[in-house]
Amino acid sequence: MASEPVRQTPPVAGRKSPAWHAMPAAAALAELGSSAQGLSSQEADQRLRLTGPNQLQSAPPASALLLFLAEFRSPLILVLLASAVLLFAVAFVGHDPEQNIDAALILTIVLINGILGFVQNFRAQRGIEALQRLSAPTASFLRDGVVRSGPASMLVPGDVALLEEGDRVPADGRLIEAYDLRLDESPLTGESLPVAKDIAPLPGAAALADRTNMAYLGATVMRGRGRMVIAATGMITEVGQIAREIQAAPDGPTPFQRRVAQLGRWITIIIAGLLVIIASLQLLVGHFSLLETFVASVALAVAAIPEGLPVVLTLALALGTRRMLERRCLVRSLPVVEIVGSADVICSDKTGTITEGRMSLRTLFWQERFLEVTGEAAADTGQFLDQGTPTDQRDNPALLAAGLCNNAQRNPDGVYQGDPTETALLAGVHKGGVDLAAWTRTDEIPFSSERRMMSVVARRGAEHRVFVKGAPEVVIRRCTRVQTPDGPAPLTDEAREHLLQVTSQLAGQALRVLALAGKDGLPPSREQVEQDLVFLGFAGLNDPPREAARRAVADAAQAGIRVVMITGDNLATALAIAREVGISGEGVEGSALNDLDDAAVTSLVNRVSVFARAEPVHKLRLTRALQESGQVVVMTGDGVNDAPALKGADVGIAMGVRGTDVARDASDMVLLDDNFDSIVAAVEEGRRTFANIKKFVTYLLVSNLAEVLVVLAASLFGILPVTAVQILWINLVTDGIPAMALGLDPAAPGLMGRALKERSIIGRGMIGHILGVGLVQTVITLGSFVAGLVLFDLETARTIAFTSFPLQEYGHLVVLRRLEGAPLLKNRWLVLAVAASLSLQLLVIYSPLGGLFGVIPLGLIEWGILLGGMAAGLLASILVAQWCRRWLGEI
């Protein structure tokens, strides 16, 4: 059927697509210039040229070159690059080729750091690409009135697509036929149960999750069949519009990147100040020429930069990503590791994240008893508990009805297939140990949305029985008796009312309730199959919370992290699951946000912990409200509807198994096992990494401060106690190697047992610690240097000062261990690093390499000075560190 082409344009501000759900099916066909027979091939080709292929346009992955170059944007790296340029200039102007060596070493450090970061991020990107799946590669549709199959990318607005059980919906469209049609729309709406579909028009204001006459890209047909007229394709679908918003959103710096940038700015300011101070002192006191002053001051100021810091920082984050991967968390970029550890709030989807993402039999009401069903949703292992006591349900006729009045199947490998409700019932029957194999079904009256019940006739030998399951009010009307311990008894009006009250009680627990009934004998006709039934019981089902989710929520609360549930499911179900896993607080529907300003939303989100019927705009608004109140927000989710908030959160965590491609593209981290418990494990690893970063930053900056102060103090007398090349050796080898090992420290005791107090890399406590311990090391090193000058000569004194720095830092490691209350030797890598560092220091002193560094071998007296200074420095540093911790806070 030829018709007028429909031009499809991307959505723009002020333009809305027609409310297809508010139109009758015939009107939607007319609006799209189509009919129930679909489009002609000629018309479809014309429209395809106008609209383009029906496929989502993903943002192209960053090239390997761009990923590599991105590693050199950090302020710390830029400072080092500028320092290398200055050194090359000094070498050229001052005719000092040694500065070329220092500059080359710095460039080598920068290159190593870039390679480490690039390798990690490149692997993460390839890992994400490996998880990508096509949404709907093929589809069945009408062309020229004939059913055809082909790539879903061929579909255009006006095409009529056919939907069968197991199909994935290939585009957005208005249903024009629906026969017992049920769709799983959880990737888009968050609704955990399959949604029954029909073709009746709906109010124009109907929410996305309530549009029962529409089918959306990415949904799955769980039951029945239908036809839809395509209304939107590709990037104009609901999924496509979300993908477009995500791709258009700029990637801003993470909180950790901002803190590192701030640290880089401070280091730059300090270096500039050092240049001025050292140059002034040498000109005024040391009587150096202008050129000599410039060369010496630049060399010493650059040498005072903690060159090893970027490499150690990158290594610590890379090791954190590796540990997270071992705990089933794929991190897409290095800074994410630390941000997760700083989380204040975890905003989590419900379906498939906190819950198992599949229906499960939770309660069986049988002979006035509520039997609790344990075990995972799809597992055969579990028990039926009567007030906590296991019971034998192998001969329970209610379970027999649930198993036989059922079209789901259990494969030999134990996997259940079929309608989610029926697979849940069948799994529950197997948990009860009911023998279904002894029975053979001889007839079935299938379920339909009009009848709202299903019946079967089954035979075991010469015995025949009828079994029925369906909506409680429908099944109860057809019952005349009720099963009791003494056999069937008349079902009185009072008993009917009582059963309906039980139904309400179970529904109030967010359970989907099905009634089970049956009777003995073979009915004389099909019309009498569903008459004069015996009521057997109620089956209460829902999507249960993961066992690990309860523990994870409790662990998060202990760590000072609040969990907020934001779901597309209904409020009653969301609140019930929230209470079951330990999420406290009020609950509201997302529509409550529509009439609130930003200040009111911020107030609301700080007291409400459950948001139901949330649409994408609600999730993103809630995330921003939390961020504007100064909180670090982690957002988890698996559906398309989660993607904008995943992108907007400080850390977006997508599901690797159930997650959609759009959600994974928008995320910073992917849970490979979809387990909420892994999020808390990621937080723990993040905190461990952040704690280690703070430790080695403290370790390195204390040493560098001591170096700077020693050089400054000695400059007043025109003496250099250590040379630039000696400082570079200390920074890279004797300090750098132990600092790297600090990045491997195990988690400190009680790390997840308290809220995170200090979030900045350098806070008040750390500044006080650096200044205090740095001054102690300065005094000890200067004292050792002066003792060397008095007792020996300048060369010996320099060797003593050169060796004093690493010895003081080894003592500083003891101080750090005491502050965190951890065993001194808890990290074997640190022990090996100190041994290696000390061995290399001794190699320089007692080998021909000493000539390159201007040092000489030390004797027993010199070592006595060094070890005495180490002991004094250790004692003083412990006292200073404890004072700083008490009055200024933790580092």
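How much accessible surface does the protein chain have, and what share of that surface belongs to carbon and sulfur atoms? The total comes to about 36,400 Å², and carbon and sulfur atoms account for 59% of it. Please keep in mind throughout that this is a predicted model.

Of its 891 residues, 54% count as buried. The protein chain contains 30 helices and 28 strands. Along the principal axes, its C-alpha atoms fill a box of roughly 120 × 70 × 50 Å. Turning to contacts with a separation of 6 or more, 72% of them in the protein chain are accounted for by residues 24 or more positions apart.

I now come to one pair of helices. Two packed helices are described by the distance between their axes and by the angle between those axes. As for handedness, α13 passes α14 in a left-handed crossing.

Which residues make this contact? From α13 they are L399, A402 and G403, and from α14 they are L425, L426 and V429. Sorted by class, the contact of α13 with α14 has 5 nonpolar residues, 1 polar residue and no charged residues.

Technical notes: Residues numbered from 1 in each chain as written. Predicted model: local features only at pLDDT ≥ 70, side-chain atom pairs only at ≥ 80, totals over all residues. Heavy atoms only, no water. Left-handed = near helix turned anticlockwise from the far one by under 90°. Helix = DSSP H or I, 4+ residues; strand = E, 2+ residues; numbered from the N terminus. Contact = heavy atoms within 4.5 Å. Nonpolar A, V, L, I, M, F, W, Y, C, P; charged D, E, K, R; others polar. Buried < 20%, exposed > 50% of the residue type's maximum accessible area, 1.4 Å probe, protein only. Areas by Shrake-Rupley, 256 points an atom, 1.4 Å probe, with all protein chains shown as cover.
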